[in-house]
Amino acid sequence: MTKTTFPLALLNKGGYTTLKGNNSMTKIYLLRHGETNWNLERKMQGIQDIPLNDSGKEQATRCSKYFIDKDIEAIYSSPLSRAKETAQIIADTLNISQVNTDMGFIERDFGKASGLTFEEYHSYPDDYDFCIEDFTLSSIRIMNAIKSSLDSHPNSNILIVSHGAILCSAFYSISNGQIGSDMKLLKNCSISLIEYSDFQFNIDFYNRTPF
């Protein structure tokens with residue numbers, strides 16, 4: 001896809017913390033975690049702490065090579081093990097000593113839908129209340145976490161390892177609904193790149209796998 005620019009004004013609706021504008025450029029790589037057994041079984045994971053399977057560990061190892069020449073200054077991760085282990089594998093390859101965990105990057109809470117397959121989920125009546133985390137609130141949560149990482153590392157390259165649904169919330173927010181949705185499927189260990197400069201986000205690419 002071609003690079004798409006979105007003004008910061010789009011982010012100041014609905015409770016986002018204001019981002020600082022300057023002439024520097026910060027690159028934010030957004031990575032979905034590696035594969036888990038629940039991914040294979042097409043189960044909704046939410047905040048359940050499901051670890052990587054062997055394939056997921058291999059994906060993370062192969063993915064780590066993509067970042068060798070990207071001058072990553074800091075790595076952030078969801079505290080859930082599937083994301084944190086993915087982040088740690090990459091950190092080890094890059095000789096980065098610390099992975100910073102932030103609850104803002106945790107997956108959207110699917111409530112009573114967690115553990116259901118997508119087919120089971122769609123078999124329920126439309127008005128059934130699964131107690132799923134509100135989409136707007138989850139979007140605010142991850143955007144504020146991105147803001148915090150940007151403020152800590154201006155004019156640098158950072159990597160954020162998170163989850164499919166919550167990352168799509170970020171894309172939806174940044175693009176004012178033009179890219180991503182709460183049900184858009186991001187591939188395991190897919191990489192997306194957004195750039196922040198002069199009060200604007202540029203979506204360079206998203207949902208690419210380096211293998």
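The legends below accompany close-up views of a predicted model.

**View 1. The largest nonpolar core of the predicted model brings together 24 residues.** Within this core, the residues with the most contacts are I28, I146, I194 and F201. Two or more residues are given to the core by each of the strands β2 (26–32), β3 (72–77), β5 (157–162), β6 (191–197) and β7 (200–208), and also by α5 (135–152) and α6 (164–174). The largest share, six residues, comes from α6. Apart from this core lies another one, which has 21 residues, including C63, I96, L159 and L193. In soluble globular proteins, nonpolar side chains tend to be buried together.

**View 2. Cysteines are shown here in a structure that holds zero disulfides.** A disulfide is a covalent bond between the sulfur atoms of two cysteines. For C189, the closest cysteine sulfur belongs to C63 and lies 4.7 Å away, which is too far for a bond, because a disulfide calls for two cysteine sulfur atoms within 2.5 Å. C189 counts as buried, at 0% relative accessibility, and C168 is likewise buried, with a relative accessible area of 0%.

**View 3. R32, in strand β2, is a buried residue that has no salt bridge.** The nearest side chain of opposite charge is that of E107, at 6.0 Å, whereas a salt bridge requires the nitrogen and the carboxyl oxygen to be within 4 Å. When neighbours within four places in sequence are left aside, the residues in contact with R32 include N39, S162, H163, G164 and L167, as well as K187, N188 and C189.

**View 4. R42 and E119 form one of the five salt bridges in the structure.** The distance from N to O in this pair is 3.2 Å. The bridge links distant parts of the chain, since R42 sits in the loop between α1 (37–40) and α2 (54–64), while E119 belongs to helix α4 (residues 118–122), 77 residues apart from R42. R42 counts as partly exposed at 42% relative accessibility, and E119 counts as partly exposed at 49%.

**View 5. Two further salt bridges join R141 to E133 and D151 to K147.** The side chains of R141 and E133 meet at 3.1 Å, N to O, and both of these residues are buried. In the other pair, the closest N and O atoms are 2.6 Å apart. D151 and K147 are four residues apart in helix α5, and therefore about one helical turn separates them. D151 is partly exposed, with a relative accessible area of 24%, whereas K147 is buried, with a relative accessible area of 18%.

Conventions:
Residues numbered from 1 in each chain as written. Predicted model: local features only at pLDDT ≥ 70, side-chain atom pairs only at ≥ 80, totals over all residues. Heavy atoms only, no water. Core = buried A, V, L, I, M, F, W, Y, C linked by side-chain atoms within 4.5 Å. Buried < 20%, exposed > 50% of the residue type's maximum accessible area, 1.4 Å probe, protein only. Lys, Arg positive; Asp, Glu negative; His and termini not counted. Contact = heavy atoms within 4.5 Å.
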